[in-house]
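Here is a short report for you on a chain and the ligand it surrounds. Have a look at the sequence and the model first, and then we can go through the helix contacts together.

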Amino acid sequence: MTFLQHIFCTTIGRKFLMAVTGIVLIGFVVAHLVGNLQVFESPDRLNGYAHFLSSLGPVLWIERAGLLLCTVIHIWAAVVLTLESRRARGEQHDRTWIQATLASRYMRSTGFVVLAFIVYHLAQFTLGAAQAATYKENLPRYTMAGDYHVLGLTAVREGTVVPDVYSMVILGFQNTAVAVFYIVAVGLLALHLLHGAESLFQTLGWRNRRWSRGLRAVVTIACAAYFIGNLAIPGAVIAGILNPLPAAAASLRK
Ligand code: HEM
């Protein structure tokens, strides 16, 4: 059996695939949150960051293709593993069966909501198909008030005219239904990560009796911090702490 056959065609291989793709997706959501939190620093920071990302061209498309591939493999492995374990357990209605099914059901339902969230999220912020009036390309442009640096190097120069992603995000969350949907979805994503992170440590053999309680505490704190970080953005918009730039707000009133 070749290495590829082994990881795609055996149960342990598929668990490994779930763990590895899970690590990549966790890496993305954490980096995405850190980037988004720049909304609390200034419009310059978030707009500079968004412009820097969009200027990466082919690198951005490679990253998007990698994320999509990881998402597809993660879901495929989850479906196959669930069907396999159902078949293996048959109609055995003992306690272990009930516990295992509850855990996997909860992973599946949170997974479905996160997937629905991502589809809406891309339609809203990346494609502008959900809330066209607040989409970055339909808002007045923003002129950078200072340089935006990445790793000490100037990535976007002062005076560059860029899309106003800062106002797009805030105007998007000023719709309470959208903000509540985000908060619920990132809450479920945090729950998904809580169970997923522990099982990936188990799959990769990094979890043992001696430190399983410590690991649970660390994972719980990390997931709570992740949820609070994500909640802070729509929360601050609803509370009126973050407001769109005057030009963007005025363009919507016209
Ligand atoms: C309050 C929380 C969030 C905010 C404010 C936010 C903001 C944004 C913005 C502004 C963009 C588009 C950037 C642009 O086109 O210029 C974006 C793209 C994206 N977001 Fe989020 N996001 C949040 C949470 C999440 C979460 C939890 C996930 C994953 C589950 C996620 C996944 C994505 C993906 C996959 C993209 C597309 C990236 C790309 O086009 O390369 N976001 N987000």
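α2 and α8 cross in a left-handed way; a crossing counts as left-handed if the near helix is turned anticlockwise from the far one by less than a right angle, and as right-handed if clockwise. This is a predicted model, in which local features need pLDDT of at least 70 and side-chain atom pairs count only at pLDDT 80 or more, while totals for chains, interfaces and linings use all residues. Residue numbers start from 1 along each chain as its sequence is written.

On the α2 side, Val30, Leu33 and Asn36 meet Tyr226, Gly229, Asn230 and Ile233 of α8; contact here means C-beta atoms, placed from the backbone, within 7 Å. By class, that contact has four nonpolar, three polar and no charged residues. The classes are simple: Ala, Val, Leu, Ile, Met, Phe, Trp, Tyr, Cys and Pro are nonpolar, Asp, Glu, Lys and Arg are charged, and the others, Gly among them, are polar.

Axes are lines fitted to C-alpha atoms, for helices over the stretch in contact, with angles from 0 to 180 degrees between N-to-C directions.

| Pair | Angle | Axis separation |
|---|---|---|
| α7 and α8 | about 165 degrees | 9 Å |
| α2 and α8 | about 40 degrees | 10 Å |

Because of its angle, α2 is oblique to α8, whereas α7 is roughly antiparallel to α8. The cut-offs are under 35 degrees for roughly parallel, over 145 for roughly antiparallel, 65 to 115 for roughly perpendicular, and oblique for the rest. The crossing of α7 and α8 is right-handed. Its contact includes Tyr182, Val186 and Leu193 of α7 and Val219, Tyr226 and Phe227 of α8. In total, 18 nonpolar, four polar and two charged residues make up the contact of α7 with α8.

Now to the ligand. Its shell holds 21 residues, and Asn36, Ala50, Phe125, Thr126 and Ile233 come nearest; a residue is near if its C-beta atom, placed from the backbone, lies within 6 Å. Several helices give two or more residues to this shell, among them α2 (11-36), α7 (176-203) and α8 (212-238). With six residues, α5 gives the most. By class, the shell has 14 nonpolar, six polar and one charged residues.

Stepping back, the chain has nine helices and four strands, where helices (H or I, at least four residues) and strands (E, at least two) are DSSP runs numbered from the N terminus. Strands β2 (residues 148-150) and β3 (residues 153-156) run antiparallel, joined by three bridges; pairing takes at least two DSSP bridges. Tyrosine 148 has valine 156 in β3 as its bridge partner. Two residues lie between the strands of this hairpin, where leucine 151 takes a positive phi near 50 degrees.

Methods: Two residues are in contact if their C-beta atoms, placed from the backbone, lie within 7 Å.
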